[in-house]
Amino acid sequence: MANVADTPALLRVDRLGAGYGKIRALHGVSLEVRAASIVCVLGANGAGKTTLMRALSGLLAVSEGTAVFDGQSIANVPAEALVRRGIVHVPQGRMVFAQLSVRENLMLGGYTRPASEVREHMDHVLGYFPRLKERIGSRAGTLSGGEQQMLAIARGLLAKPRLLMLDEPSMGVAPILKDAIFSTLRDIRDRERLTLLVVEQDADIALDISDEGYVIETGRVVMQGPAAELAGNEDVRRAYLGG
Ligand SMILES: Nc1ncnc2c1ncn2[C@@H]1O[C@H](COP(=O)(O)OP(=O)(O)OP(=O)(O)O)[C@@H](O)[C@H]1O
Ligand SMILES: [Mg+2]
């Protein structure tokens with residue numbers, strides 16, 4: 001069997017630039033995500049994490065550099081086309097439809113596929129999230145922050161992604177559910193061979209489930225390496241792990 005390190009990258013980002021009008025928020029970010037790996041991008045408020053996610057999911061124009069997914073360019077490709085190619089983005093703040101039920105929110109995740117297929121897949125996905133299964137008929141707005149995050153992730157899975165990008169899944173989630181969510185993400189990767197790109201401020205929990213990590217500051221990669229190495233790195237510990 002081939003060593004993981006020999007696996008070609010599913011996503012390869014090279015000197016990517018993006019911004020808002022005259023404001024440049026990403027300055028030449030390069031990173032690689034191997035198939036079936038978990039990669040985290042760590043950074044403080046305003047570092048450019050969401051900007052990176054948006055540029056990679058077709059929601060924001062790429063002004064320089066390249067992004068190649070499974071051998072094809074994804075820079076400046078419309079978001080919907082990228083979803084069909086298997087790139088699915090779970091946005092920061094979850095964005096569930098509060099007035100719709102859990103089931104209806106989940107159905108929306110599968111909008112690119114036939115409804116009968118989505119219903120079958122939903123049972124499979126709910127196997128990872130028993131709490132959601134219990135609340136399937138409830139309005140999403142009545143779920144806790146952590147449950148809403150689970151819903152957003154499950155909705156993303158129903159689009160049948162090859163690459164799932166998660167923007168701060170720990171945000172606004174109680175500690176006990178945070179652990180549950182992150183271990184579920186690892187479980188999903190292990191069982192489905194799904195590839196995950198996770199941006200986080202909570203470095204501890206993100207590095208714990210990741211294979212590789214990157215640290216960005218003001219739109220630039222300032223550190224990168226195997227997650228275990230970053231978790232033990234003095235500079236990372238001082239800046240992001242409170243020690
Ligand atoms: N719509 C916008 N218009 C102008 N500037 C923006 C916009 N969105 C973000 N920015 C700026 O771009 C930079 C990167 O922001 P971004 O939202 O990517 O950071 P982030 O790492 O996701 O932060 P957070 O952890 O707070 O979500 C910041 O300086 C921010 O002020
Ligand atoms: Mg953000």
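**Overall form**

Guide: The protein has 243 residues, for which a compact globule would have a radius of gyration near 18 Å; the value of 17 Å agrees with this. The model is a predicted one.

Visitor: What does the C-alpha trace span along its principal axes?

Guide: The radius of gyration, 17 Å, agrees with that of a compact globule. Along the principal axes, the C-alpha trace of the protein spans about 45 × 45 × 40 Å.

Visitor: What share of the residues is buried?

Guide: A residue is called buried when its relative accessible area is under 20%. Of the 243 residues in the protein, the buried ones make up 49%.

Visitor: What part of the accessible surface belongs to carbon and sulfur atoms?

Guide: The accessible surface of the protein comes to about 11200 Å². The part that belongs to carbon and sulfur atoms is 50%.

Visitor: Among contacts with a separation of 6 or more, what share comes from residues 24 or more positions apart?

Guide: The protein has 10 helices and 10 strands. Among its contacts with a separation of 6 or more, residues 24 or more positions apart account for 68%.

Visitor: Which strands stand at the edges of the open sheet of 4 strands?

Guide: The order in this open sheet is β2-β1-β4-β5, with antiparallel pairing. Each edge strand has a single partner strand, so one side of each is left without a neighbour in the sheet. The edge strands are β2 (23-34) and β5 (72-73).

Visitor: Which residue of β4 is the bridge partner of Gly17?

Guide: Strand β1 (residues 9-20) pairs with strand β4 (residues 62-69) in the antiparallel sense, over 6 bridges. In β4, the bridge partner of Gly17 is Glu64.

Visitor: At what angle to β1 does helix α1 run?

Guide: Helix α1 comprises residues 49-56 and lies across β1, β2 and β4.

Visitor: How many residues of strand β3 are buried?

Guide: From β3, Ile38, Cys40 and Leu42 point one way, while Val39 and Val41 point the other way. Residues on both sides are buried. The count for strand β3 (residues 38-42) is therefore 5 of its 5 residues, with buried meaning under 20% relative accessible area.

Visitor: Which residue of β9 is the bridge partner of Leu42?

Guide: Strand β3 runs parallel to strand β8 (residues 195-200), to which 5 bridges join it, and in β8 the partner of Cys40 is Val198. Another 4 bridges join β3 to strand β9 (residues 212-217), also in parallel. In β9, the bridge partner of Leu42 is Val215.

Visitor: How many residues apart are Lys49 and Glu168, which form a salt bridge?

Guide: The closest N and O atoms of Lys49 and Glu168 are 3.7 Å apart, and both residues are buried. The pair links distant parts of the chain, with Lys49 in helix α1 and Glu168 in the loop between β7 (163-167) and α7 (175-192).

Visitor: Which helix holds both Glu80 and Arg84?

Guide: Glu80 forms a salt bridge with Arg84, and their closest N and O atoms are 2.8 Å apart. Glu80 is partly exposed at 39% relative accessible area, whereas Arg84, at 52%, counts as exposed. The two lie 4 residues apart, about one turn of the helix, in α2 (residues 79-84).

Visitor: Is Arg189 buried or exposed?

Guide: Arg189 forms a salt bridge with Asp190, the closest N and O atoms being 2.8 Å apart. Asp190 has a relative accessible area of 41% and is partly exposed. Arg189 has a relative accessible area of 11%, so this residue is buried.

Visitor: Which residues are linked with Arg131 in a network of salt bridges?

Guide: Side chains of opposite charge can pair when their charged atoms come close. The structure holds 14 salt bridges. In the network that includes Arg131, the linked residues are Arg135 and Glu147.

**A loop residue**

Visitor: How far apart in space are Pro114 and Gly172, C-alpha to C-alpha?

Guide: Pro114 has its place in the loop between α3 (102-109) and α4 (115-126), and at 47% relative accessibility it counts as partly exposed. Pro114 and Gly172 are 58 residues apart in sequence. In space, their C-alpha to C-alpha distance is 33 Å.

Terms used: Residues numbered from 1 in each chain as written. Chains lettered and ligands numbered in written order. Predicted model: local features only at pLDDT ≥ 70, side-chain atom pairs only at ≥ 80, totals over all residues. Heavy atoms only, no water. Pairing = 2+ DSSP bridges. Contact = heavy atoms within 4.5 Å. Axes fitted to C-alpha atoms, helices over the stretch in contact; angles between N-to-C directions. Rg over C-alpha atoms; globule rule 2.2 N^0.38 Å. Buried < 20%, exposed > 50% of the residue type's maximum accessible area, 1.4 Å probe, protein only. Areas by Shrake-Rupley, 256 points an atom, 1.4 Å probe, with all protein chains shown as cover. Salt bridge = Lys/Arg side-chain N within 4 Å of Asp/Glu carboxyl O.
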